[in-house]
Amino acid sequence: MSAQLSIKNLHKTFEKGTINENHVLKGLDLEVEKGDFISIIGGNGAGKSTLMNSLAGTFLVDEGSISLNGKDITKLPAFKRAPFISRVFQDPKMGTASRLTIEENMSVAYRRGRSRGFSLGIKEKERQFFKEALQELGLGLENRMKVDTQFLSGGQRQALTLLMATLRKPEILLLDEHTAALDPKTSDMVMELTKRIVERDQLTTLMITHNMENAIQYGNRLVMLHQGKIVVDVRGKEKKNLTVPNLLALFHQKSGHHLVDDEMLL
């Protein structure tokens, strides 16, 4: 069975040829099966964000290839990947337009990837669809659809962003430390919502997290990066039985490097 997402020999160097040259991705390989929910962790500078930006098309890699469902997307810019790759950022404000209402934001998300030139006019059928989707969040936002998103809390805004990213089922969902800016209680709420949506729609998902406990608890697979390469890749029962101490021990065994808990917060 061929992988849905195939990442081969990725290299990315920033400020090449200068004294600040930084070779971040160093031949990274990853095969992602359809329906995988992968937690990605690693210390500061391991390459997590660079990998996410490479997949989203924020910048192009120097070497290697990225294939999605057998199609080479390595050189596609971000806007051409947007119809089939959705992304939720760390900052809740990045996923919504502050001066648009909840329903207007959802309308924009719903039309993602369609031809340009549409208006924000919302049909009643669409409004009902948005309302039903919002009800599933359990936050009462279905009763505030004409409120500008700037008046929502960080947790409400991030929950809305997650919903918008999955209104039209993406081929790949990228979660870029999407709970890092939230307080612990709100973070737990958004993580449970994430789990529910990903499992319900069987979304192929890659989630960067700084929280090792979340990395162990959520998803069917855990990948750990170190110096631009994958050094730990566990799944299924092996992942389910992990604890933070034995994950750190496994990382040391595979990389020869000691990682303390604090490094995961950077």
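Residues are called buried when their relative accessible area is under 20%, exposed when it is over 50% and partly exposed in between (1.4 Å probe, protein chains only). The structure is a predicted model, in which local features need pLDDT of at least 70 and side-chain atom pairs count only at pLDDT 80 or more, while totals for chains, interfaces and linings use all residues. Residues are numbered from 1 along each chain as its sequence is written, and side-chain values use heavy atoms, with hydrogens and water left out.

Threonine 149 has a relative accessibility of 0% and therefore counts as buried. Threonine 149 sits in the loop between helix 4 (124–135) and helix 5 (154–165); helices here are DSSP runs of H or I with at least four residues, numbered from the N terminus. A polar atom of the threonine 149 side chain lies 2.9 Å from the backbone oxygen of alanine 97. Leaving aside residues up to four places away in sequence, threonine 149 touches residues including Thr96, Ile102, Arg157 and Leu160 (contact means heavy atoms within 4.5 Å).

Turning to the helices, helix 5 packs against helix 6 (residues 184–201) at an angle of about 15°, with the axes 10 Å apart; axes are lines fitted to C-alpha atoms over the stretch in contact, and angles run from 0 to 180 degrees between N-to-C directions.

Polar atoms of the arginine 81 side chain lie 2.9 Å from the backbone oxygen of leucine 55 and 3.1 Å from that of threonine 74.

Notes: Helices (H or I, at least four residues) and strands (E, at least two) are DSSP runs, numbered from the N terminus. A polar contact is a pair of N or O atoms within 3.5 Å; within protein, one must be able to donate a hydrogen and the other to accept it, and residues adjacent in sequence count only if both atoms are side-chain atoms.
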